[in-house]
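Hi,

Here is the structure I promised to pass on.

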Amino acid sequence: MATSVLKRCVTAVVKVKRFSPSFSARRWLLSAAYSDNTVWEARDKHPHSLAELAATMDRIYERKLPVSSLTVSRFVDNISSQEEVDTAEYYLYKFRHSPNCWYLRDWTTHSWVRQCLKYGAREKALYTIKNKVQFGIFPDDFTFNLLIDSYIKDGDFQNACSVVEEVMLQEAFDLPSTQILSLYTLGTFLSTRPQLTVSQQRALGASLLICGLNQENTVGLNAQLLGNTLLGKVEFLKGIHAVFRGMPLFWGRGYLGRALAVMEKVSAAASGDIKLSKDTLDYVNDVLQELSSTSDSESSGEESEGEEDKKTEDAVDEEDEAERAQLPQYISRFKELNSLLESQGKVESASFKDIVTDFAQQNLAAAEKVDLEEYEERLQVWEAERTQLSQREKELKAIAEQEKQERLAARAAAQQA
């Protein structure tokens, strides 16, 4: 049944694309077939009373026994209101802190995010993902895409970037569609020139860099340049330990040097199709000039005050200071490379946002098709696994009931004797 429903959804998308003249102008958003709940809801679901499930879990926890992953899965699957989303959040937390915490099923995580989106509790999904250690919510790429797309459609690129940050921390940039959505999100958010804290610069830089490494083209290299620049700024201000702590990043110093290496790579590329955006280069130049001003202020004897600044100074070691001392060489080299790229015709006049938007329009449709095919297969695997677990549960209940009856019979025989 799920297969036939999916085929109808995909067919509908193809028809819309063929006959709607305005469809291509908005094609960078995920299609209706991608985010549609029809295929997911077509699964064989077994209705359960949430009150009975909650009472069962409470009794089991009171007896210090583990709750099964199937029970949690049934609870999430049977959510029917925003209030029940809140209740499910509590039991996800309880399950995460139980002996069975490692067995939260992938389909339960997927169902949890879908239910949050369905009942207007999107922030709850993001909260549990950001607090993954407390709730055990580790979505797959497809599920991440649904949440990112939801924020994009509402124009909330700041929270969309928060989701992309979680993708980066989970190192889940495996699907081309996730890469496309993430780069579009990051490029659009950066185009607003937001005022970023150091932690936000670090997260944004790491997301751009790691996602960009999956694309060896104009989009990917622009992302790598921006990512290395933002991380280089954090390294210059706070030291290398502030960059890689808690991040899946290379521990070596010299992120500003790696940014210049990206420029050298583009300059040396044989293909003239790979270019760096002018606004990307302007952004790098602005960061270098800002760091130069900061360095000049420090060398002139101005001292920052405050406990946080003192902690920062304590975290910066001699090797960090040596890296800071290379800033004039970095600035000089940047100017040389910038001029060289202009002379080679490898500076793109379009903005980074326009580049990633065009990239999404050209590639997202093909990436979606592959995702939907894999999603259909994944649903079948999940259903087979759930059926197997349900059967095993019935067998264990039957064995437990038989043992109970045997104990009762033995007790009755002993009393008669």
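Some housekeeping before the rest. This is a predicted model, so local features need pLDDT of at least 70 and side-chain atom pairs count only at pLDDT 80 or more, while totals for chains, interfaces and linings use all residues. Residues are numbered from 1 along each chain as its sequence is written, and side-chain values use heavy atoms, with hydrogens and water left out.

Overall picture

The protein has 21 helices and two strands. Of its 417 residues, 47% are buried; buried means under 20% relative accessible area, exposed over 50%, and partly exposed in between (1.4 Å probe, protein chains only). Among contacts with a separation of 6 or more, 78% are between residues 24 or more positions apart, a contact being heavy atoms within 4.5 Å.

With 42% relative accessibility, Arg193 counts as partly exposed. Glu171 also has a positive phi, of about 50°, although it is not a glycine. You will find Glu171 in the loop between helix 11 (157-169) and helix 12 (176-191), and at 52% relative accessibility it counts as exposed.

Asp317 and its partners

Asp317 sits in the loop between helix 18 (307-315) and helix 19 (318-324). It is partly exposed because its relative accessibility is 30%. Leaving aside neighbours within four places in sequence, Asp317 is in contact with His241 and Arg253. Its side chain makes a polar contact with the side chain of Arg253, at 2.8 Å. (A polar contact is a pair of N or O atoms within 3.5 Å; within protein, one must be able to donate a hydrogen and the other to accept it, and residues adjacent in sequence count only if both atoms are side-chain atoms.) A polar atom of the Asp317 side chain also lies 2.9 Å from the backbone nitrogen of Asp320. As for Ile240, which is 77 residues away along the chain, its C-alpha atom is 9.1 Å from that of Asp317.

A lysine to look at

Is Lys233 buried or exposed? Lys233 counts as buried because its relative accessibility is 9%. It belongs to helix 14 (residues 218-238). Not counting residues up to four places away in sequence, Lys233 touches Gln201, Leu256, Val287, Glu290 and Leu291.

Cysteines

The disulfide count is zero, with a disulfide taken as a pair of cysteine sulfur atoms within 2.5 Å. Cys101 is buried, with a relative accessible area of 15%, and Cys161 is buried too, at 10%.

Cavities and pockets

The definitions, since you will ask: on a 1 Å grid over the protein atoms alone, a cavity is a set of points where a 1.4 Å probe fits but cannot get out, and a pocket is an open set with protein on both sides within 12 Å along at least five of seven lines; lining residues have an atom within 4 Å of a point. Grid points are joined across faces, edges and corners, and a volume is the space filled by probe spheres set on the points.

There are five cavities of 30 Å³ or more. The largest cavity has a volume of about 100 Å³, and its lining consists of Lys45, His46, His48, Leu70, Ser73, Arg74, Asp77, Asn78, Arg386 and Ser390. Two elements give two or more residues to that lining, helix 5 (69-77) and helix 21 (352-416), with helix 5 providing the largest share, four residues. By class, this lining has one nonpolar, five polar and four charged residues. (Ala, Val, Leu, Ile, Met, Phe, Trp, Tyr, Cys and Pro count as nonpolar, Asp, Glu, Lys and Arg as charged, and the others, Gly among them, as polar.)

The largest pocket has a volume of about 640 Å³. It is lined by 17 residues, of which Pro66, Ser68, Glu393, Leu396 and Lys397 lie nearest its centre. Helix 4 (50-62), helix 5 and helix 21 each supply at least two lining residues of the largest pocket, and the largest share, five residues, comes from helix 21. The classes here are seven nonpolar, four polar and six charged.

Cheers
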